[in-house]
Amino acid sequence: MKYDRDKHHRQSIRLKEYDYKQSGAYFVTVCTQNRACLFGAVADGEMQLNNPGQIAKTAWDDLPARFPSVRLDAFIVMPNHVHGIIIVGAQFIAPSDGFGTATIDPGVINHAPTLGEMVRAYKAVSTRLIKQAGTPAFAWQRNYYEHVVRDEESLNRIRQYILDNPARWAFDHENPAAKTPEPEDAWSGQVS
């Protein structure tokens, strides 16, 4: 198939000229491929995780071990997606010269991971573990949604949205069975 710019070019959803390594909080949503409900079910307003859902949660919880400059905030695994807040803070790690003293090498000082690197690692690790655990066809959707959290009010609103997500599953726009889905940006607090 010949490359067609209009058909094959993916539009970036990232903020232009924004440094995704800088300290801050980021709201992230990652969906399963085709929004397949593979992580369990919502019953009585509570998310009941199955084995793939538990693996998705554990892989998220393990992100700070892989990226020491990261802290995790509110998080939920839903039947076909995850929502989480990642708080990034650059960490200075001076390389060692092998004798217990630090050497200065400007090429490696303050290398903070980008949000994309963290989400890519999460998706790769969780995919591998879910497939190994018996769901060989598992896949995440190709991209993910992110929002740069700009203030404390927004952070608190997003936290509440994450916590309330199972109770609102019947209206969640990610729910393939939702009859009257809420707007995609219901977490923003803005009336569409």
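The following paragraphs describe the salt bridges of this predicted model and then its largest pocket. Because the model is predicted, local features need pLDDT of at least 70 and side-chain atom pairs count only at pLDDT 80 or more, whereas totals for chains, interfaces and linings use all residues. Residues are numbered from 1 along each chain as its sequence is written, and side-chain values use heavy atoms, with hydrogens and water left out.

Helices (H or I, at least four residues) and strands (E, at least two) are DSSP runs, numbered from the N terminus. R35 is partly exposed at 35% relative accessibility, while E174 is buried at 6%; buried means under 20% relative accessible area, exposed over 50%, and partly exposed in between (1.4 Å probe, protein chains only).

A second example lies within helix α2 (residues 51-61). There, D61 and K57 form a salt bridge of 2.8 Å, N to O. The two residues are four apart in the helix and are therefore separated by about one helical turn. Both D61, at 38% relative accessibility, and K57, at 32%, are partly exposed.

R159 also forms a salt bridge, with D73, and the closest N and O atoms are 2.8 Å apart. Because R159 lies in helix α5 and D73 in strand β4 (residues 70-77), the pair ties together parts that are 86 residues apart in sequence.

The largest pocket has a volume of about 200 Å³. A pocket is an open set of points on a 1 Å grid over the protein atoms alone, where a 1.4 Å probe fits, with protein on both sides within 12 Å along at least five of seven lines; lining residues have an atom within 4 Å of a point. The volume is the space filled by probe spheres set on the points. Of the 13 lining residues, T29, Y145, H173, E174 and E184 lie nearest the centre of the pocket. Strand β1 gives the most to the lining, with three residues.

Terms used
Salt bridge = Lys/Arg side-chain N within 4 Å of Asp/Glu carboxyl O.
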